Amino acid sequence: MKIDAAYREDGFAVLSEVLADPAVPTNDRCTAATYLIQLDQNHAQLVIPVLQAMLTSPLTKPSDRLSVIDRLADFGVLNRAARTELVLAVAQDRTADGSARSQAAWRLRGGDYAQRTTSLEIERDLLNDHLVPVWERVTGRYDFQIHYTDAALRNEKIAALRDVINEPEFDLDSRFEAHVLLSGFGPDFKQEAANALGNVAESVGSSATTLGGALRALGRLGGRHRTRALTLAERILSDPTEHPGRGIEAAMTATTIGGAGGSGNVLLLAMMRDPAVSPWNRIRAATTLAWQGSYEATTQLRELASNPLVSPYTRHLAAVTVAKTRSAERVTMAAILDDLAGAATTPAAAKWQIAAALAGLGEQRGTTYLQKIMTDTGLPVSARIEAANSLVAIHPMHLTAVADTLRAIAKTPITTAAKHLRALTVLGSLTRPHCDEAIAALRQVVLDRTKPPTARWRAAYTMTCLRRDTATESAFAVHQIIRITHTPTHIKQRAARALAQWSPAHRDEARRVLAQDTK
């Protein structure tokens, strides 16, 4: 089909603007590049240099580099050897997260690369990295088809999932996720997972959080297991002796996995309508129903967002939900967020989140508010750090200002140990040079025996998360901390849990410490 010249020019202008804007997500810029070349092959002279600059830019995250590599390969700029080398560099990047490494492995396995052995090595490396979320460790494939893989590695993945389920260093969410992933390896494994999750959900003494997690995980298994999750939720809702918190979790789960209708829907509607219920619980109920398409829930959220007697944080949550579920009201809700972000009475802890939400809706004033919060030395340090983190995520061109702010906060003597660590964590996540700078500062904390043990083990943990090649030196320091007799038990336990995650050499000893301290 022939495109009218005027429309072609308009399309070129819009797509060129998207491609050139560093604030636009990399995937969108790559899509714009594809459309530009589809409009006219001669646009390759414009597109390819931009993509090449993105590939080498320190602002481009490892996962985004893979998208750029794909486009350059599509355009014939990279041969197989060149793109294989670039994808392998992403997999070996010590700052790459599990998702990027998993995507790299998936690409190398494909026919365009034919590097199956290398791909399996990366998958095995991921599997042994306990700092990576369990779903990224075990899938090993971008399309999450986890059971079509190498037979030996398949058995290792099953063993790793059982490890997550049974060992003390993993949290509850990881265990639930491990059950769901285990179900993907065959019918017997699915039944095993369903039995375990069902037992947790049916346990009378489980907390509301545990109940909700177990029901949601059971529902994700589908079929009769989803039906069982809904039946269990309905049973809890019909029991007048149940704790209200468990009832709310059951209602939200039933509505989320079962849709509108049923006892869960009735309870959430009643909560949402009752002015005696706290605004926080009313907004939880209304938000769940709004995502199910309830007009009444949207009306309640709109009223909460406009009510000056409700806390700014709760009002912003209501406004964001309305904006996302009713696009026609986005402008109205953005105006509410604008007022909240600019109000002197809004607490700083809520203000940066409101500003980030406003910027996330595409409003420039949200970015302006984030800049003001970040640079206002009269505000709490935590708000300034989180504003900086949100600002650079939305607009990478503010990288220098963000880095300067974080660096100044970290070097200020009155900054608490926790805030000092958070500032360095965000600084280290910016680019590889900033990561190296943060690692150097964190290493000073780890090696300083005059520092509190909590500060040292958390600094060591952050070092390892930022760059995996620091794991050995970090483990040595934390190992010393858990062996010091006067280290408080709760600190020793937390340090041991972290050590068990990243250090295979010390894992058994760390687990023994956890076993002793939990008796």
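In this predicted model, arginine 83 is in contact with Ile69, Ala73, Leu78, Asp112 and Tyr113, once its neighbours within four places in sequence are left aside. Arginine 83 belongs to helix α5, which covers residues 80–92. Although arginine 83 is buried, it has no salt bridge; aspartate 112 is the nearest side chain of opposite charge, at 4.9 Å, and a salt bridge would require a side-chain nitrogen within 4 Å of a carboxyl oxygen.

Helix α6, residues 98–109, has 12 residues, which at 1.5 Å a residue should span 16 Å, and the 17 Å between its end C-alpha atoms agrees with this. Because 10 of its 12 residues are buried, α6 is largely enclosed by the rest of the structure. Among these buried residues are Arg101, Arg107 and Arg109, together with Gly98, Ser102 and Gln103.

The largest nonpolar core holds 88 residues, and those touching the most other members are Leu337, Val402, Leu406, Leu430 and Trp502. Helix α20, residues 348–360, supplies the largest share of this core, with 9 residues. Apart from it lies another core, of 28 residues, which includes Cys30, Leu78, Ala100 and Ala105. Of these, Ala100 and Ala105 are also buried residues of α6, while Leu78 is also a contact of arginine 83.

| Residue | Contacts |
|---|---|
| Arginine 83 | Ile69, Ala73, Leu78, Asp112, Tyr113 |
| Leucine 430 | Pro58, Lys61, Val392, Leu399, Val402, Ala403, Leu406 |

Conventions. Residues numbered from 1 in each chain as written. Predicted model: local features only at pLDDT ≥ 70, side-chain atom pairs only at ≥ 80, totals over all residues. Heavy atoms only, no water. Helix = DSSP H or I, 4+ residues; strand = E, 2+ residues; numbered from the N terminus. Buried < 20%, exposed > 50% of the residue type's maximum accessible area, 1.4 Å probe, protein only. Lys, Arg positive; Asp, Glu negative; His and termini not counted. Contact = heavy atoms within 4.5 Å. Expected span 1.5 Å × (residues − 1). Core = buried A, V, L, I, M, F, W, Y, C linked by side-chain atoms within 4.5 Å.
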